[in-house]
Amino acid sequence: MAENDNKFTLKVITPDRIFYEEEVSMVEFNTVEGEVGIYKEHIPMTMIISPGILTITQDSETKEAALHAGFAEVLQDKVTILAEIIEWPAEIDLKRAEEAKERAEERIREHAPGTDMKRAEMSLKRAVARINAINYK
């Protein structure tokens with residue numbers, strides 16, 4: 001079996017750039033229904049992405065990024081992720097992410113009238129994804 005037989009194309013697109021486009025062995029990310037891991041020849045489907053870590057595996061090497069929201073299309077030989085926001089760890093300001101996490105936790109704790117709880121919870125998830133991307137492994 002040729003080495004490339006277990007690879008598929010992963011393309012991650014944001015509104016302002018092609019974030020990533022290469023042949024990979026596996027990709028993992030969060031969806032609104034839970035975590036998924038995709039290999040070549042996965043059943044075709046579409047998914048709504050939830051904030052978390054995007055893990056890209058190329059042979060024995062892995063790369064991680066903070067993936068915040070979007071959609072994924074899975075085909076047997078290609079995965080396309082349309083991401084609202086995705087960041088490599090080097091692009092993330094840890095201090096700013098920690099401050100955003102604290103603000104979101106405070107809004108959730110206080111639950112003041114007029115607080116948009118879904119928005120506060122999403123802010124918390126995005127901040128945690130950023131912090132986890134920096135601290136991964």
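Two residues are said to be in contact when heavy atoms of the one lie within 4.5 Å of heavy atoms of the other. With this term in hand, the reader may turn to the structure above, which is a predicted model.

Setting aside its neighbours within four places in sequence, Leu 10 is in contact with Tyr 20, Glu 21, Glu 22, Val 24, Val 27, Ile 56, Val 79 and Ile 81. Leu 10 is also a member of the largest nonpolar core, a group of 21 residues. Within this core, the residues that touch the most other members are Leu 10, Val 12, Phe 29, Leu 54 and Ile 81. The elements that contribute two or more residues to the core are strands: S1 (8-14), S2 (17-24), S3 (26-31), S5 (45-49), S6 (52-58), S7 (61-74) and S8 (78-87). Apart from this core there is a second, separate one of seven residues, among them Ile 92, Ala 129, Ile 131 and Ala 133.

The aromatic residues come next. A pair of aromatic rings is described by the distance of the centres and the angle of the planes. The structure holds two such pairs. In the pair of Phe 19 and Trp 88, the ring centres are 4.5 Å apart and the planes stand at 25°; because planes under 30 degrees apart count as stacked, this pair is stacked. Phe 19 belongs to strand S2, whereas Trp 88 lies in the loop between S8 and helix H1 (94-110), so the pair ties together parts that are 69 residues apart in sequence.

The other pair joins Tyr 20 and Trp 88, with ring centres 6.1 Å apart and planes at 65°. An angle over 60 degrees counts as edge-to-face, which is why this pair is given that name. It too links distant parts of the chain, since Tyr 20 is in strand S2 and Trp 88 in the loop between S8 and H1, 68 residues apart. Together, Phe 19, Tyr 20 and Trp 88 form one aromatic cluster.

Are these three residues buried or exposed? Residues under 20% relative accessible area count as buried. Phe 19, at 8%, is therefore buried, and so is Tyr 20, at 4%. Trp 88, with a relative accessible area of 23%, is partly exposed.

Asp 93 caps the N-terminal end of H1, with a side-chain oxygen 3.1 Å from the backbone nitrogen of Lys 95. Just after H1, His 111 takes a positive phi of about 45°.

Note on methods. Residues numbered from 1 in each chain as written. Predicted model: local features only at pLDDT ≥ 70, side-chain atom pairs only at ≥ 80, totals over all residues. Heavy atoms only, no water. Core = buried A, V, L, I, M, F, W, Y, C linked by side-chain atoms within 4.5 Å. Buried < 20%, exposed > 50% of the residue type's maximum accessible area, 1.4 Å probe, protein only. Helix = DSSP H or I, 4+ residues; strand = E, 2+ residues; numbered from the N terminus. Phe/Tyr/Trp six-rings, centres within 6.5 Å; stacked < 30°, edge-to-face > 60°. Polar contact = N/O pair within 3.5 Å; in protein donor to acceptor, adjacent residues only side chain to side chain.
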